[in-house]
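Take a look at the structure first, then read on.

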Amino acid sequence: MSSWWCSMRCWLMPTLVLALMVGAVPVRAAGFDALGRLQLSSENILSVSFEDPEALLDAGARFYDRNLNPAPIDAQRLQRVITLSDPRPLEGEGYVYIEPREDDVSSLGLDVPSVDGRVEVTVWVRAEPMLPALFVVYSTSDDPLTGLFATVTAVATGRRTSDDWVELSTGPVDGAVLGIPLKQVVIQGGFSDVVFDALEVKRVGDRAFGDDTTCTQANVASQCGEDGECIFGACVDSAVVWGAVPYTPRHRREYLDRLTHIFTRVHANRSAVQRRGTEFAARLAALAHVASPRRFWGGVADAVHFFRDHHTSAPVSYAALQSSVPSVLGRESSGVLGACFGLTELDLLDGGAGFTVFRVDAARSLLGDALRVGDVLESIEDEAVDTWLARQGTFGTNAPSDPAADAPWTAVDLANVLSSRASHFSVLRCESSTSCNAPTHIRVDLQPTVRQAVLAARGLGVVEAFTCDGRYAPSVTTPRPRPDDGSDAVSHELLEGINTFQFDGFTGGQSWRTPFLTGLGDAPEKVLFDTRLGNGGAAALAEFLVGLVRDQSSPQVVLGVSRPWHTLDPDGYYQSLLGCVTNPEPPLFDACSGTIWLGAREEPAVASVARIAWVTTADVSANDFVPRLLRGRAGVRILGPTPLSGAYGAIVALPPLLPGEYYGGSIQVHDSRFAASSSALATAAYESGTGVIPDETVIQKLSHSLTGRDTLITRARAWLTEAP
Amino acid sequence: MKKSLVLLALVAACQDVRPGGQETTLRPGPARPAQDGGVATNPDAGVTTEDAGVPLRTVEEDTSMFGTTSVGNLLMDPLFRGGSFSSMGFLALSWTGEQAELTWSIPFEAATPSRTSGATALARGEPVELHLVSMFSGGRGPFYADVWATLEDDRADVTADAIRVQVGEAWIGLEPGARLHQLAHVPGDDVRIGRRAWFHYAGVIDADLPATSAFLISSLRSGADLLAAGPQVVPLALQPFFAATGQLPAPRATRAQIQPVHQHLMRRVQERMPALESPRRVMPRPTIRVSPAPTPGHVGTP
């Protein structure tokens with residue numbers, strides 16, 4: 001039940017009536033005197049009243065411009081931003097009022113005295129018309145922001161004065177992270193005027209662990225305590241990994257209730273909402289009284305993972321974004337291992353599936369040549385691989401909509417997850433390329449190597465990582481690099497009579513379309529699409545490619561619709577939107593704006609492509625839609641190790657709710673039905689949560705890995721050359 | 001000034017706009033706290049007593065993250081935190097009389113009657129009417145809907161009839177649909193914060209809303225900036241309090257003495273923002289890609 005709702009009921013209660021009456025006479029709040037002026041505590045580690053320029057300079061005051069570049073500072077410049085004429089300052093005799101001009105300052109930094117313990121940093125700010133932000137900086141650099149190692153952005157405490165001063169707080173944070181001290185506090189403005197007063201740094205307790213306390217994911221709670229997190233094999237304050245939590249139980253409840261509302265009443269993945277919405281809500285509700293960043297944000301992330309929608313992700317804070325002790329080292333990356341893993345059929349072992357090394361580059365690894373292609377991941381931190389990986393929801397990774405698609409996605413993220421979260425792991429190495437009866441067991445120690453490298457670099461710039469794309473090997477001889485704008489590259493080569501396209505998604509401009517127009521323009525007999533990493537993309541490009549290769553045997557259409565708040569699929573709702581299939585390009589908003597449509601809007605441009613091999617591995621969204629629309633077309637074979645993700649809809653980002661949030665997460669706002677014709681859509685089923693099952697299940701074989709063969713491409717090419 | 005705690009039940013009408021222009025008053029809407037000299041009082045905001053002419057400062061503890069709006073709000077970005085982060089947030093549009101184009105808006109966090117942050121859609125001196133519009137998921141009614149809005153206009157006093165708030169099939173670029181509801185101005189709710197008068201548009205929508213609905217705040221005065229705060233559409237079924245009592249979700253703030261959103265402050269922000277050219281683009285098609293999230297912990301070359 002929402003807090004707001006409770007407060008409404010309370011309106012009717014005598015107790016609140018009493019509270020209203022009490023509110024009519026002055027009530028002294030903690031830290032305020034009878035006149036309503038804040039009194040700084042004499043027990044603070046640091047108290048700043050913002051009245052004396054010389055004192056501020058002694059406290060290490062620094063100006064920054066709105067891009068946080070250093071700006072000149074001296075007593076005169078400081079004096080100009082101190083307001084002493086206001087008859088009602090929040091505290092003392094003055095406060096800071098910065099009116100930024102072109103290339104002028106908009107932020108102020110102050111040094112924080114060294115402290116062995118946990119501290120809380122607070123400041124009062126006023127919106128003119130935007131609230132400044134407060135963040136703390138862990139650094140050893142003379143220019144702390146340039147050498148920023150970690151940071152925590154403050155949240156609102158819920159205290160607000162009648163003249164609109166608002167209190168911000170970091171919550172409790174450690175005085176150091178892996179020995180890197182809390183060096184500076186910054187009050188940051190942007191284009192707005194910047195108003196603040198009464199900065200306080202209070203010691204609030206002892207740290208739960210030392211800078212060199214080691215840990216594993218299994219013992220993080222006992223080694224690092226309630227507020228600790230285990231990154232690079234050592235305990236760190238989880239606030240610098242995840243960010244500060246909403247300050248009060250009420251704020252946490254409101255924040256969680258808002259997420260629950262959106263996930264259960266706006267999210268449109270029918271399967272996820274119906275099957276897991278209630279449990280998702282219960283998991284979030286249980287976090288309202290949790291103040292530990294690890295448990296709160298890890299709990300939110302785990303609930304999002306449990307909800308299982310691949311378009312859905314948890315919020316990301318500035319602390320997480322800028323941390324040198326991150327929860328995971330990015331996505332689809334080799335991390336510090338200089339290696340990528342892939343899902344593999346262990347044909348030389350027991351015949352089951354596992355994760356093996358697909359690619360290594362010792363020059364881009366902190367581990368040197370510790371790993372080789374074909375090494376089989378045997379255990380992580382002395383736990384079975386599946387046991388250890390069962391925690392990955394708490395690390396902040398989202399989940400494929402179809403659980404059958406988990407393994408390939410886990411594989412492409414495995415190297416970066418291990419990089420930050422594992423202290424060591426073990427691999428099996430076969431004795432030969434044809435036999436694995438007496439494998440060597442090799443322990444790979446990540447720590448303290450990685451931790452020391454990160455500390456030495458004072459950041460994550462320790463290796464040049466590369467993308468893990470799920471491929472054992474490229475399908476073209478010269479893959480095109482990803483364009484600088486971050487869009488997807490399309491590589492096209494004619495190899496032994498097969499038009500081969502390697503691409504990872506559907507983003508780009510004309511340079512994305514041209515290879516397809518060129519390669520498919522003369523209606524080739526054999527086409528191989530290698531989309532083994534596919535993060536989706538633009539609906540228009542998906543429709544473009546489908547339009548090029550579909551024929552009259554696959555007149556499929558798809559219509560994705562949103563939902564009303566009170567139920568997922570009321571009678572007649574979907575039918576009322578069928579007209580959107582033939583809707584021309586919509587205006588800015590109309591009833592069809594809540595739909596997504598793909599299909600036969602264009603006549604097939606290339607109807608005579610005889611055989612198409614569509615090779616998948618880790619594919620989602622537009623990379624779900626396109627094979628789903630092609631499946632069943634004559635002459636198409638989809639080959640891959642597992643079903644695809646089954647994320648059939650559009651994604652929308654959620655707005656940040658906290659000052660320290662960079663990104664508020666995301667949800668899927670449609671679910672989709674597929675059918676042979678528009679009229680048949682009315683009786684079709686929603687499909688999110690059920691990915692395309694390959695026509696032929698093909699998994700990279702260990703024996704092939706050890707001999708340099710790409711199982712999937714070998715099989716796809718063989719099928720294309722078989723007699724129809 | 002002695003604060004009154006008397007609650008007066010006023011009528012806020014919600015009008016149903018029918019095709020053909022007829023408007024039908026549906027039923028009484030929510031009540032509001034007492035007014036005093038055009039300034040709304042805030043029963044739980046603390047103190048407004050005076051001491052030698054200087055009001056004492058009071059402190060509220062544990063204020064809501066969402067002000068007077070509900071966590072059950074169907075609007076996805078009622079705090080205007082996400083900018084035009086997605087097709088589900090508020091977009092600022094300019095209307096030239098022939099076509100709608102995306103334009104800029106600036107969020108602000110200074111005091112508003114809803115006790116939430118707000119946004120200003122910018123006319124930027126052009127003779128355009130402005131809209132702030134958000135799509136949302138409708139469904140089974142009834143609903144309570146409201147928003148606080150005002151205009152920035154140097155040329156003339158701002159009056160409540162210069163703003164229109166519509167909910168439902170309030171399409172842009174097409175004729176509105178039949179299921180369109182216009183929120184009524186609640187005259188007794190007018191709040192002056194600093195030099196700015198805020199108008200409250202509210203009502204109960206006693207009908208279902210289409211699954212794809214729009215919340216459309218429009219200025220009807222060409223060339224004026226449009227400010228809005230605290231928009232919400234809340235199913236009454238999620239808030240039984242509304243259904244039982246017809247009360248507003250929360251008392252509104254006494255804000256006469258606090259910092260307003262001054263015109264000059266918004267202008268300063270505009271002036272400081274570089275290259276604030278109108279984007280001049282139309283709505284993009286949906287994105288079906290799983291990579292909107294930033295990638296924390298990027299590993300890179302030193």
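In which sense do strand 31 and strand 36 of chain A pair, and over how many bridges? They pair in the parallel sense, over two bridges. This is a predicted model.

- Six strands of chain A form an open sheet. Their order is 24-25-26-30-31-36, and the pairing is mixed.
- Strand 24 (490-495) and strand 36 (696-697) of chain A are the edge strands. Each of them pairs on one side only.
- Strand 31 of chain A covers residues 636-640. Within the pairing, Leu639(A) stands opposite Glu696(A), which lies in strand 36 of chain A.

**Helices on the sheet**

- Helix 18 of chain A, residues 622-630, packs on the sheet. Helix 18 touches strand 26 (526-534), strand 30 (611-619) and strand 31 of chain A. Its direction makes about 150 degrees with that of strand 30 of chain A.
- Helix 20 of chain A, residues 711-721, lies across strand 25 (498-503), strand 26, strand 30 and strand 31 of chain A. Helix 20 runs at about 160 degrees to strand 30 of chain A.

**The nonpolar core**

- In soluble globular proteins, nonpolar side chains tend to be buried together.
- The largest nonpolar core here holds 287 residues. The members that touch the most other members are Val177(A), Val240(A), Ala542(A), Ala149(B), Leu226(B) and Ala228(B).
- Helix 13 of chain A (residues 406-421) gives this core its largest share, eight residues.

**Cis peptide bonds**

- Most residues other than glycine have a negative phi, and most peptide bonds are trans.
- Gln447(A) and Pro448(A) are joined by a cis peptide bond, with omega about 10 degrees. Pro448(A) sits in the loop between strand 23 (440-445) and helix 14 (449-457) of chain A.
- Gly141(B) and Pro142(B) are also joined by a cis peptide bond, with omega about 5 degrees. Pro142(B) sits in the loop between strand 14 (129-139) and strand 15 (143-152) of chain B.

- Asp164(A) is not a glycine, yet its phi is positive, near 80 degrees. Its loop lies between strand 10 (155-161) and strand 11 (166-174) of chain A. Asp164(A) is buried, because 22 other C-beta atoms lie within 10 Å and the cut-off is 20 or more.
- Arg115(B) has a positive phi of about 60 degrees. Its loop lies between strand 12 (105-108) and strand 13 (118-121) of chain B. Arg115(B) is buried too, with 24 other C-beta atoms within 10 Å.

Note on methods:
Residues numbered from 1 in each chain as written. Chains lettered and ligands numbered in written order. Predicted model: local features only at pLDDT ≥ 70, side-chain atom pairs only at ≥ 80, totals over all residues. Pairing = 2+ DSSP bridges. Helix = DSSP H or I, 4+ residues; strand = E, 2+ residues; numbered from the N terminus. Contact = placed C-beta atoms within 7 Å. Axes fitted to C-alpha atoms, helices over the stretch in contact; angles between N-to-C directions. Core = buried A, V, L, I, M, F, W, Y, C linked by C-beta atoms within 7 Å. Buried ≥ 20, exposed ≤ 12 C-beta atoms within 10 Å, placed from the backbone.
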